[in-house]
Amino acid sequence: MAQPVRVAVTGAAGQIGYSLLFRIASGELFGPDTPVHLNLVELPQAAKAAEGTAMELDDCGFSTLAGIDIHDSPESGFEGVNWALLVGSKPRGPGMERNDLIKENGPIFVAQGKALAKAASDVRCVVVGNPCNTNALIAQHNCREVPATRFSAMTMLDENRAKAQLAKKAGVNVGEIKNLAIWGNHSSTMVPNFEAATIGGKSLTDVITDRAYLEGDFFTTVQKRGAAIIQARGKSSAASAASSCIDHVKNFLTKTPEGEYFSAAVPSDGSLYDIPQGLMFSVPVRSNGDGSYEIVKGLELSDYMKGRIGQTRDELLKERDVVKDLLA
Ligand code: NAX
């Protein structure tokens, strides 16, 4: 068999970890012929719970699972890994403001960014833990050994949520909806750009002609979906987040079909769509299939979309300002 792909997952004993690890171990992510070695990275107090998850992973009898290690520090947990999936972070406490959460979680991503220097030379890092764009920015700044383009933050859950809403509205299978990119921050300012999307090869706005719905209910449902799930379940999204993380990594590993794209927050080089240089900004992306990617160029944005994108850009600039002391 081939050499195992080594994958670190932080927050391995958490809700998302519990869904994500089994799908990686089963061979779904890297294919049935590629063995996977998992590094479960947790806080010392949650290492015991991670052991339980590791026992269950063993008990599944996945032939693609080459090994599991449990680590209570990123320094040992990231050693030699090809993929680092940074899921663990502190949840927002009652009455906590977003800026407080950003400040609380920032140091985690400083330490994890530094520890990525020990990863394999081809490492790719995906940040899921919130606020994921800004956490990814912090990790990237603290690991100059790894090219910035190897860091991304996950907005695939937002894309999947948006597609599901539009598929229901149009009465079509979700697979009919293409090129529904999320722009900006994974937060309530995110912008699902319905104007460029298609349904069954036709322009989405020719199929769903109710503009008031698209600018109103559609936007707010997608932007507030996370909160609605917490209200219904009493816990935040977990299986859907794990599933979208699988989609995110697969999207980067697979050559994107001609004429299509997907959403991911990646570093801006400042040359496109008035997005300031360096921000981790969700944009439409095409993968070359070898892990490298390009941001889709030349998309027309209406004044309406530019206005919305401006709001999410301003929010990300403010977040960057809050953590400026952590950006090496
Ligand atoms: P849980 O609270 O269930 O689990 C988090 C786990 O992370 C815990 O086991 C904790 O011990 C561990 N942890 C905390 N700090 C750590 C550190 N420094 N190193 C290693 N492990 C650490 O949260 P869960 O529901 O799994 O969510 C994880 C993160 O994903 C949260 O920040 C959450 O807000 C974020 N989400 C991001 C989404 C996205 O689309 N980008 C959507 C889902 C989710 O809300």
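Me: Which domains each give at least three residues to the lining of the largest pocket?

Reply: Domain 1 (5-153) and domain 2 (156-322). Their bounds come from an automatic or database domain assignment. This is a predicted model, where local features need pLDDT of at least 70 and side-chain atom pairs pLDDT 80 or more, while totals for chains, interfaces and linings use all residues. Residues are numbered from 1 along each chain as its sequence is written, and side-chain values use heavy atoms, with hydrogens and water left out.

Me: What makes a space a pocket, and how much space lies in the largest pocket?

Reply: Take a 1 Å grid over the protein atoms alone. A pocket is an open set of points with protein on both sides within 12 Å along at least five of seven lines, whereas a cavity is a set where a 1.4 Å probe fits but cannot get out. The volume is the space filled by probe spheres set on the points, which are joined across faces, edges and corners. For the largest pocket that gives about 1,500 Å³.

Me: How many residues line the largest pocket, and which are closest to its centre?

Reply: There are 44, and the closest to the centre are S89, K90, P91, N130 and S236. A residue counts as lining if it has an atom within 4 Å of a point. By class, 18 are nonpolar, 18 polar and eight charged. Here Asp, Glu, Lys and Arg are charged; Ala, Val, Leu, Ile, Met, Phe, Trp, Tyr, Cys and Pro are nonpolar; the others, Gly among them, are polar.

Me: Which element gives the largest share of that lining of the largest pocket?

Reply: α4, with five residues. Helices are DSSP runs (H or I, at least four residues), strands are runs of E (at least two), and both are numbered from the N terminus.

Me: What about the second largest pocket: how many residues line it?

Reply: It is lined by 19 residues, and M156, E159, K163, N251 and E260 lie nearest its centre. Its space is about 390 Å³. The largest share of its lining, four residues, comes from α6. The classes are six nonpolar, six polar and seven charged.

Me: How many residues of domain 1 and domain 2 are in contact?

Reply: 31 residues of domain 1 are in contact with 38 of domain 2. Contact means heavy atoms within 4.5 Å. The domain centres, taken over C-alpha atoms, are 23 Å apart.

Me: Why is Q223 called buried?

Reply: Its relative accessible area is 14%. Buried means under 20%, exposed over 50%, and partly exposed in between (1.4 Å probe, protein chains only). 14% is under the limit, so Q223 is buried. Q223 sits in helix α8.

Me: How far from Q223's side chain is the backbone oxygen of M190?

Reply: 2.8 Å, to a polar atom of that side chain. A polar contact is a pair of N or O atoms within 3.5 Å; within protein, one must be able to donate a hydrogen and the other to accept it, and residues adjacent in sequence count only if both atoms are side-chain atoms.

Me: How far apart are D122 and N82, in sequence and in space?

Reply: They are 40 residues apart in sequence, but 6.0 Å apart in space, C-alpha to C-alpha. Their side chains make a polar contact at 3.0 Å.

Me: What is the phi of D274?

Reply: About 55 degrees, a positive value, although D274 is not a glycine. Most residues other than glycine have a negative phi, and most peptide bonds are trans. N179 has a positive phi too, near 55 degrees. N179, though, is buried, at 10%.

Me: Is the peptide bond from N130 to P131 cis or trans?

Reply: It is cis, with omega near -10 degrees. P131 is in the loop between β5 (124-127) and α5 (132-141).
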